Amino acid sequence: MDTLKGIKRSHYCGQLSEANIGQTVTVMGWVDVYRNLGSLIFVDLRDRYGKIQLSFDTDINKELFDKAASLRNEYVIAAVGEVVLRSAPNPKIPTGTIEIKVSELRILSKAETPPFEIKDETDVKDELRLKYRYLDLRRKPMHQNLVLRHKVAKIARDFYDENGFLEIETPILTKSTPEGARDYLVPSRIHHGKFYALPQSPQLYKQILMLSGMDRYFQIAKCFRDEDLRADRQPEFTQIDLEMSFVEIDDVIEVNERMIARVFKEVMGMDIQTPFMRMPYKEAMERFGSDKPDTRFGLEIVNISDIVADCGFGVFSGAVKDGSSVRAINIDGGAEKLSRKELDSLGEFVKTYRAKGLAWMVREESGVRSPIAKFLTEDEINAIFEKMGTKVGDTVVFVADKDKVVFDSLGALRCEIARRLDLIDKSKFNLLWVTEFPLLEYDEEEGRYVAMHHPFTSPMDEDIEFLETDPGRVRAKAYDIILNGCELGGGSIRIFNSQLQEKMFEVIGLDKEDAQARFGYLLEAFKYGTPPHGGMAYGLDRFVMLLCGAESIREVIAFPKVQNASELMTNSPDVVYDKQLEELGVKTIEEK
């Protein structure tokens, strides 16, 4: 193999232009495409910045030509030569009007035939791409995703720095405080029988930083949660994390709207109007069936319980009598867009969200077509159509059940219908804040209230009086930022009064002894002067995924895990030596 001795790269492949014609340049990279035409050889050389064509002519230098004839895809080479105009330009690449007439070629590394072709568009299975991730990352789309991720992180750092935030690192090896997802545990070699936990977030540390007088903190933080995976979730992920002292909700929202607007301006070249829309949690659930509503399309949910409370269709009237509700979505032009078979498939779809089924009505010139029409009076049908804003040719679909089931099923259904009918404008970036979340939610399995976000979230001032008498009524000073139906980030104003914090622990069934064991250091810190404070965190991976238009955060993480939390390239997790376990005082239990 050749070496780099005596030569130095002068230019990147993708940065050459007609301004370089006549210059002798040195480029280095991977053989992307190789074409031997008999007396001419053309090589497309690829590096991080793009591609440039190299040419070899047997009549000019036979020895060099023969060396070039040994090249194959993914060989790593260095080439020296003169930049000239191409006789056959390629308009598909920025360097398509020029080429390098090579005078010196060095083969730095040979390559075996890759397990899949390195090209921009690929239908290779994810498992193979992830096993050979270093090859997958050579593809331009993957490279562009990581460049975009870098830019978003840099903009965030610059913005928060300019606005008085200090970047402070918090520990990775910390104390386990089980709340929400499972912790990843790390056994201690020095303290046998004791464990560190990898942080699910820097939550407690950043609150303590506010108690420490840091005033404004941020961090691009690694977080870990041992939970089941999905498209936008990984066991290890990255947050843009921040906290501010002496603030209320509007202060946190204002500074972060400016940060988001800056990301869109500098990364996407888009001007995002501020302030963003705000929507209380209750309104989001009733209109969209979700606390992260996608507002790029209509298909809003309407409550028709008042109309059908005493109707002859027992499914509807019975639901209302039981304290449940009947809600519906109007599908514009649904009569032509959705066949009976497709309506039946939508019925099966909502069953996956525990709905018992999907009723429907089609409004026609002659009246109504529906399996349930015979149970309803003409006045009831007309009242439904009027409330739904239905016109001839529209289809109305209904779910009757407990509110949670209705919201879950219709919230998912409106998104499914929008996908099937191509109603989503993918060029839109709709941002909104969802506010006034419930502070608590009742866990049927545990028979107690649990914190909807975390137990350090402050209740709305006017709702504190209901903490003991009606906990489900209490709203939180919490806020989520939503982008196109995905939760981009979220946060809250924190409890800073030790008595209120103790009351919160009491409401969620955490006794003083348990609270002291888990959070004693925070409660102790509260005794020494605590400023009002609040903050939030963005999922960096998810943010970049949405900006890229990717389907999964795996597309914007260099080395992601798969569904079972393993990493295919390194075959992690894996067994370790017995000696390591002995040092840690750990024994493994074999699966039966």
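Asn 330 has Val 396 of strand S16 as its bridge partner in this predicted model. The two strands involved are S13, residues 325-331, and S16, residues 395-401, which pair in the antiparallel sense over seven bridges.

This pair belongs to an open sheet of five strands, ordered S12-S13-S16-S14-S15, with antiparallel pairing. The edges are taken by S12 (301-303) and S15 (367-369); each has a single partner strand, so one side of each has no neighbour in the sheet. From one strand to the next, the twist averages 30°.

Helix H13, residues 403-420, lies across S12, S13 and S16, and runs at about 10° to S13.

A separate topic is the packing of helix on helix. Two packed helices are described by the angle between their axes and the distance between the axes. For H4 (residues 140-162) and H16 (residues 540-548), the angle is about 125° and the axes are 10 Å apart. Angles over 145 degrees would count as roughly antiparallel and 65 to 115 as roughly perpendicular; H4 and H16 are therefore oblique to each other. Their crossing is right-handed. On the H4 side, the contact is made by Asn 145, Leu 148, Arg 149 and Val 152; H16 contributes Leu 540, Asp 541, Phe 543, Val 544, Leu 547 and Cys 548. Sorted by class, the residues of this contact are seven nonpolar, one polar and two charged.

Methods:
Residues numbered from 1 in each chain as written. Predicted model: local features only at pLDDT ≥ 70, side-chain atom pairs only at ≥ 80, totals over all residues. Heavy atoms only, no water. Axes fitted to C-alpha atoms, helices over the stretch in contact; angles between N-to-C directions. Helix = DSSP H or I, 4+ residues; strand = E, 2+ residues; numbered from the N terminus. Parallel < 35°, antiparallel > 145°, perpendicular 65-115°, else oblique. Left-handed = near helix turned anticlockwise from the far one by under 90°. Contact = heavy atoms within 4.5 Å. Nonpolar A, V, L, I, M, F, W, Y, C, P; charged D, E, K, R; others polar. Pairing = 2+ DSSP bridges.
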